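Here is a short report on one protein chain. Keep the structure in view as you read.

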Amino acid sequence: MSTGETSKSAKENDEKSTDTSSADAIMADAMMDESVIAKYLASHPDFFQRHTDVLSQIQVPHGAGTASLIERQVAILREKSRDLEEQLNGLIRTARGNEQIVTRLQRFTLELMRADGIDDVIGTCQDVLREDFNADFVTLKIIGGDDTMHFISSSNENLKSFDNLFKSKKPICGHMKEEQQAFLFEKQADKVNSAALVPLFGAENIGILALGSEDESRFHPGMGTVFISHLGELISTSITYHLPKLNQ
């Protein structure tokens with residue numbers, strides 16, 4: 001064998017030796033890592049109780065000594081399934097509730113369209129809002145004319161306490177000021193434990209819709225007001241339509 005061939009053979013042997021050494025080193029590192037993990041788990045038997053997300057992902061072969069671990073995995077999956085089922089049921093309940101609201105809102109709209117005058121509008125608000133929207137007390141105060149049961153003079157001093165309501169043009173829910181409650185609900189004021197105030201407006205302020213409840217949790221500051229705002233818009237439009245006829 002020539003000197004060149006000998007040198008080439010030696011080089012190839014060295015490369016093979018290097019590859020083998022590298023592979024052995026990688027395998028050794030992997031085995032060392034697994035041994036470290038195994039030792040850690042052995043010294044921390046509650047690891048999977050504190051990290052159930054990891055337990056739900058690992059693969060465990062069926063066999064002696066693994067039954068409790070598999071049972072724990074099954075329990076975790078069942079718990080996740082229950083959570084998902086509850087979320088789904090919640091969405092279904094919300095969808096059904098929204099459907100009922102839309103149906104009631106449609107009925108209320110049709111009743112307002114059938115109203116022959118402002119008295120019919122007031123009567124419809126009283127009846128439908130009590131019956132369909134669970135309001136124990138309903139008050140409608142329309143700005144204009146003399147102070148009567150459902151009308152209030154634009155110069156009435158009581159209107160000043162509602163300045164913020166008209167400025168925001170948004171419903172306010174929760175507990176009312178004592179003077180506001182006495183003005184709107186009069187003899188029934190002491191029975192009202194929560195309320196929703198809805199500003200009625202068009203080109204200018206039209207009036208106030210007040211919904212009262214004996215249940216102090218019925219109307220609260222954290223509740224959504226989109227639906228109540230729609231009620232206010234419908235009533236405002238209806239009043240605006242009939243008021244000119246009243247003044248003729």
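## Overall layout

The protein chain has eight helices and five strands. This is a predicted model. Read from the N terminus, the order of elements is α-α-α-α-α-β-β-α-β-α-β-β-α.

The chain has 248 residues, and 31% of them count as buried.

## Confidence

The mean pLDDT of the protein chain is 79. A value of 70 or more is reached by 78% of the residues. Over residues 15-20, the pLDDT is below 50. Beyond near neighbours in sequence, that stretch has zero contacts in the model.

Met 113 sits in helix H4, which covers residues 67-114. Is Met 113 buried or exposed? Met 113 has a relative accessible area of 64%, so it is exposed; the cut-off for exposed is over 50%.

Met 113 and Ser 238 are 125 residues apart in sequence. In space, their C-alpha atoms are 7.6 Å apart.

## Helix H5

Helix H5 runs over residues 118-132 and has 15 residues. From first C-alpha to last, H5 reaches 21 Å. That is close to the 21 Å expected at 1.5 Å a residue.

Which residues of H5 are buried? They are Ile 118, Val 121, Ile 122, Thr 124, Cys 125, Gln 126, Val 128, Leu 129 and Asp 132. An α-helix has 3.6 residues a turn, so residues three or four places apart point the same way.

Cys 125 has a relative accessible area of 0%. Just after H5 comes Asn 134, with a positive phi of about 55 degrees.

## Two aromatic pairs

How many aromatic pairs does a search of the whole structure find? The search finds two. Phe 137 and Phe 185 form an edge-to-face pair. Their centres are 6.4 Å apart, with 70 degrees between the planes. Phe 137 lies in strand E1 (residues 137-143) and Phe 185 in helix H7 (residues 178-185), so this pair ties together parts 48 residues apart in sequence. Phe 137 is buried, at 9% relative accessibility. Phe 185 is also buried, with a relative accessible area of 5%.

Phe 162 lies in the loop between strand E2 (151-152) and helix H6 (163-168), while Phe 183 is in helix H7. These two residues are 21 residues apart, and the pair links distant parts of the chain. Both Phe 162 and Phe 183 are buried.

## Gln 180 in helix H7

Gln 180 also belongs to helix H7. Its relative accessible area is 9%, so Gln 180 is buried; buried means under 20%.

Which residues does Gln 180 contact, leaving aside its neighbours within four places in sequence? They are Ser 161, Phe 162 and Leu 197.

## Charges over rings

Lys 169 lies over the face of Phe 201, at 4.5 Å from the ring centre. Arg 218 lies over the face of Phe 219, also at 4.5 Å from the ring centre.

## Loops with positive phi

Most residues other than glycine have a negative phi. Lys 169 has a positive phi, near 60 degrees. Lys 169 lies in the loop between H6 and strand E3 (172-174). At 41% relative accessibility, Lys 169 is partly exposed.

Glu 186 has a positive phi as well, near 50 degrees. Where does Glu 186 lie? Glu 186 is in the loop between H7 and strand E4 (194-201). With a relative accessible area of 48%, Glu 186 is partly exposed.

## Cysteines

How many disulfides does the structure hold? It holds zero. Cys 125 is buried. Cys 173 is buried too, with a relative accessible area of 11%.

Note on methods. Residues numbered from 1 in each chain as written. Predicted model: local features only at pLDDT ≥ 70, side-chain atom pairs only at ≥ 80, totals over all residues. Heavy atoms only, no water. Helix = DSSP H or I, 4+ residues; strand = E, 2+ residues; numbered from the N terminus. Expected span 1.5 Å × (residues − 1). Buried < 20%, exposed > 50% of the residue type's maximum accessible area, 1.4 Å probe, protein only. Phe/Tyr/Trp six-rings, centres within 6.5 Å; stacked < 30°, edge-to-face > 60°. Lys NZ or Arg CZ within 6 Å of the ring centre and 35° of its normal. Disulfide = S-S within 2.5 Å. pLDDT = per-residue confidence, 0-100. Contact = heavy atoms within 4.5 Å.
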